[in-house]
Amino acid sequence: MTTHDRERIEHLLKQALPATNTQPRATLQRDLWPALRQRLEQGSIAVPWFDWALLAALVLWVALFPRAIPVLLYHL
Amino acid sequence: MPALEPATDVLQQFSQGNVDAFEALFRQHQGDVYRWILRIVRDPAIAEDVTVETFWRIHRAHELFDPSRSFEAWARRIATNAALDQLKSTRPESELPDDLPQPALPDPGISQELREKTAQAFGRLPPKLRIAATLAVIEEQPYQEIAEALGVSAGAVKLRVFRAVRMLRKDLKRQGIEP
């Protein structure tokens, strides 16, 4: 890839996804403390059962196919 | 303008689990943390949720904070990780708003269709590459700041940006678009 190609792609990207500081709501519009306070009062969030099932499947998969660990780490 | 670093005693109290000190830090930094997250997730509503998640993580990790170090840099690192987790949990197709925001200086040589296809292709990049390219190319943040937020070297950020641009070019070429 030449420097020209790279500059062209970067220009295209800036046109497709403009910087957020030029967009509306670039600054925070409301105080988030009430939402955070509620979260703090709830304490630790319960983990849904399917997350545990997914974790168990992952552990099983790693146990059965240990050679797949590098692939898994790459995608994390 | 970044927030001023809070007084050392507030940081000390925060690291000991004082909720009032935590609230003071939250009020001082929520705006900056929100803006940083918005640059990554690019959606104000999601950015608000991730900001709350970030401060929740900050609260849980208060014992790990060293009051002699920068709170802002520490918070930004946690915010970046929370934003990255959000990107990983979202399907690329669901990330594009119905109407893409217009650039400040639109290039008449680039059609709306090309802009949409580019945005979609960018959304298909691996989140780690996307986050580096978003911050470096789109938001034009300094490489060193991105590196500190991601917990990698500036060289690693440059490499990720290069890989992102190369993958984006390949994706567009596969669609018959020669940028």
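Trainee: What kind of model are we reading?
Mentor: A predicted one, in which local features need pLDDT of at least 70 and side-chain atom pairs count only at pLDDT 80 or more, while totals for chains, interfaces and linings use all residues. Residues are numbered from 1 along each chain as its sequence is written, with chains lettered from A and ligands numbered from 1 in the order in which they are written.

Trainee: And what is the mean pLDDT of chain B?
Mentor: pLDDT is the predictor's confidence in each residue, on a scale from 0 to 100. For chain B the mean is 89, with 91% of residues at 70 or more. For the complex, the predictor gives an ipTM of 0.79 and a pTM of 0.80.

Trainee: Back to the loop, then. Is Glu140(B) buried or exposed?
Mentor: Count the C-beta atoms, placed from the backbone: 20 or more others within 10 Å of a residue's own make it buried, 12 or fewer exposed, and anything in between partly exposed. Glu140(B) has 11 such neighbours inside 10 Å, so it counts as exposed. Pro142(B), found in the loop between α6 and α7 of chain B too, is exposed with 12 neighbours inside 10 Å.

Trainee: Where is Arg42(B) found?
Mentor: In the loop between α2 and α3 of chain B. Arg42(B), a residue other than glycine, has a positive phi near 65 degrees. Arg42(B) is buried, with 25 other C-beta atoms within 10 Å.

Trainee: How many residues of α6(B) are buried?
Mentor: Apply the count along the helix: 10 of the 12 residues of α6(B) are buried, so the helix is largely enclosed by the rest of the structure. Among them are Leu129(B), Arg130(B), Ile131(B) and Thr134(B). The buried residues of α6(B) pack against α2, α4, α5, α7 and α8 of chain B, and also against α1 (3–16) of chain A. Over chain B as a whole, 35% of the 179 residues count as buried.

Trainee: How do I describe two packed helices?
Mentor: Use the angle between their axes and the distance between the axes. Axes are lines fitted to C-alpha atoms, for helices over the stretch in contact, and angles run from 0 to 180 degrees between N-to-C directions. In chain B, the axes of α4 (71–89) and α7 (143–150) come within 7 Å and cross at roughly 70 degrees. Angles under 35 degrees are roughly parallel, over 145 roughly antiparallel, 65 to 115 roughly perpendicular and the rest oblique. α4(B) and α7(B) are therefore roughly perpendicular to each other. Ala73(B), Arg76(B), Arg77(B) and Thr80(B) of α4(B) make the contact with Glu148(B), Ala149(B) and Leu150(B) of α7(B).

Trainee: How many residues of domain 1 of chain B are in contact with domain 2 of chain B?
Mentor: Domain bounds come from an automatic or database domain assignment, and two residues are in contact if their C-beta atoms, placed from the backbone, lie within 7 Å. Chain B is assigned domain 1 (1–91) and domain 2 (108–179). Here 9 residues of domain 1 of chain B are in contact with 10 of domain 2 of chain B. On the domain 1 side, α4(B) gives the most, with 7 residues. The centres of the two domains, taken over C-alpha atoms, are 25 Å apart.

Trainee: Which elements of chain B give two or more residues to the side that touches chain A?
Mentor: In total, 38 residues of chain B are in contact with 27 of chain A. The elements of chain B are α2 (19–41), α3 (44–60), α5 (112–123), α6 (127–138) and α8 (154–174). α2(B) has the largest share, 9 residues. For classes, Ala, Val, Leu, Ile, Met, Phe, Trp, Tyr, Cys and Pro are nonpolar, Asp, Glu, Lys and Arg charged, and the others, Gly among them, polar. That side of chain B has 20 nonpolar, 6 polar and 12 charged residues.

Key: Helix = DSSP H or I, 4+ residues; strand = E, 2+ residues; numbered from the N terminus.
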